[in-house]
Amino acid sequence: MTGVPASAAGGPSGARRARANAAPGNVPGAVAGRTAAREARSAAPGPSGGGPGAGGRSGRGQGGEQLPGGEVSAGVFDGAVDAGDGAKPPRGGKIAAAAVNQASVWNIANLLTMLRLLLVPAFVALMLTDGGYDPAWRSLAWAAFAVAMITDLFDGHLARTYNLVTDFGKIADPIADKAIMGAALICLSALGDLPWWVTGVILGREIGITLLRFLVIRYGVIPASRGGKLKTLTQGVAVGMYVLALTGWLATLRWWVMAAAVVLTVVTGLDYVKQAIVLRRRGIAERRTALEETEA
């Protein structure tokens, strides 16, 4: 520490003199200046008045704990002394944190939803090719319908499991579900394979329950029931059997499967209406109670 003024360890003035000694070409003075700068910063009270090293970029944290990577950081040698609480974050740090916290729209769950949307026009084209009665084209249409229904089982699960829920997915997923089912039902009825009243009951229920969910969302969310999931599965199997050009006992079987799907569609629809009424009444009662407590 030879050649270092005694005031260097006493405060900022010592640090300034130390930096002056650290000028280029003065090697001994540079070494001494760096040592004096460290001592000056260690002696200076931190932002909270807690003593040496209470917060700067000197490689120590609060309370003077040694940080991994050494006692002195790169910021020491350029004479920059800034408080830890006021240190600027690394350039681009906020952007990187936002990218981590927000799921990308181009995630696997949304890609499956987009695939299902693209399969809707492909399904309609395959279904209506050659008048809509060619078994080969109907088989291809069934394949497109099956892929769409399978992706419906996975995209929601992936989004919830891996935190990939996005605003796009919330809107596009139900639209894709209704689009593929509605396209299949309308095509089957247009070809005379399925009565129009069946299509009307199923589509009317799906659209009605979707609107009902939006109407009562201010009071809460109507959860999907086991009956609703069974209805979706039964509808998919029944419509898939009608898309295929089946004959014989398989044609009879698909009629019974479709009948079960219609019954489940009506029963679960009424159950959702009941849940919506209860949810609305409960929400109104809770608001009224909260208002009375506020007035009191």
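## The main nonpolar core

The largest nonpolar core contains 32 residues, and those with the most contacts inside it are F123, M127, F145, V239 and M258. Such a core is a set of buried Ala, Val, Leu, Ile, Met, Phe, Trp, Tyr and Cys residues joined through side-chain atoms within 4.5 Å, where buried means under 20% relative accessible area, exposed over 50%, and partly exposed in between (1.4 Å probe, protein chains only). At least two residues of this core come from each of α4 (108-128), α5 (135-161), α6 (167-190), α7 (196-215), α8 (226-243) and α9 (249-295), and α6 gives the most, with seven residues. Apart from this core lies another one, of seven residues, among them I209, L212, A276 and L279.

F123 is in contact (heavy atoms within 4.5 Å) with A141, A144, F145, I180, A183, A184 and V243, leaving aside its neighbours within four places in sequence.

## The model and its overall make-up

This is a predicted model, in which local features need pLDDT of at least 70 and side-chain atom pairs count only at pLDDT 80 or more, while totals for chains, interfaces and linings use all residues. Residues are numbered from 1 along each chain as its sequence is written, and side-chain values use heavy atoms, with hydrogens and water left out.

The protein chain has nine helices and zero strands, these being DSSP runs numbered from the N terminus (H or I and at least four residues for helices, E and at least two for strands). Of the 296 residues in the protein chain, 35% are buried, and residues 24 or more positions apart account for 64% of the contacts with a separation of 6 or more. The protein chain exposes about 18,000 Å², of which carbon and sulfur atoms supply 65%; accessible areas come from the Shrake-Rupley method with a 1.4 Å probe, and for residues only the protein chains shown count as cover.

R116 has its place in helix α4 and is buried, with a relative accessible area of 0%. Not counting residues up to four places away in sequence, R116 touches A148, T151, D152, D155, D173, A176 and D177.

The structure holds six salt bridges, each defined as a side-chain nitrogen of Lys or Arg within 4 Å of a carboxyl oxygen of Asp or Glu. In one of them the side chains of R116 and D173 meet at 2.7 Å, N to O; because R116 lies in helix α4 and D173 in helix α6, the pair ties together parts that are 57 residues apart in sequence. The side chains of D177 and R116 also meet in a salt bridge, at 2.8 Å, N to O, and this pair links D177 in helix α6 with R116 in helix α4, 61 residues apart. E206 forms a salt bridge with R205, with the closest N and O atoms 3.3 Å apart. Through salt bridges that share partners, R116, D152, D173 and D177 are joined into one network.

## A nonpolar patch on the surface

V105, W106, I108, L111 and F168 form a nonpolar patch on the surface, with about 490 Å² of accessible area together. Patches are made of residues with over 30% relative accessible area and no salt bridge, with like charges joined within 9 Å and nonpolar side chains (Val, Leu, Ile, Met, Phe, Trp, Tyr) within 5 Å. W106 is placed in the loop between α3 (93-101) and α4, and counts as exposed at 63% relative accessibility.
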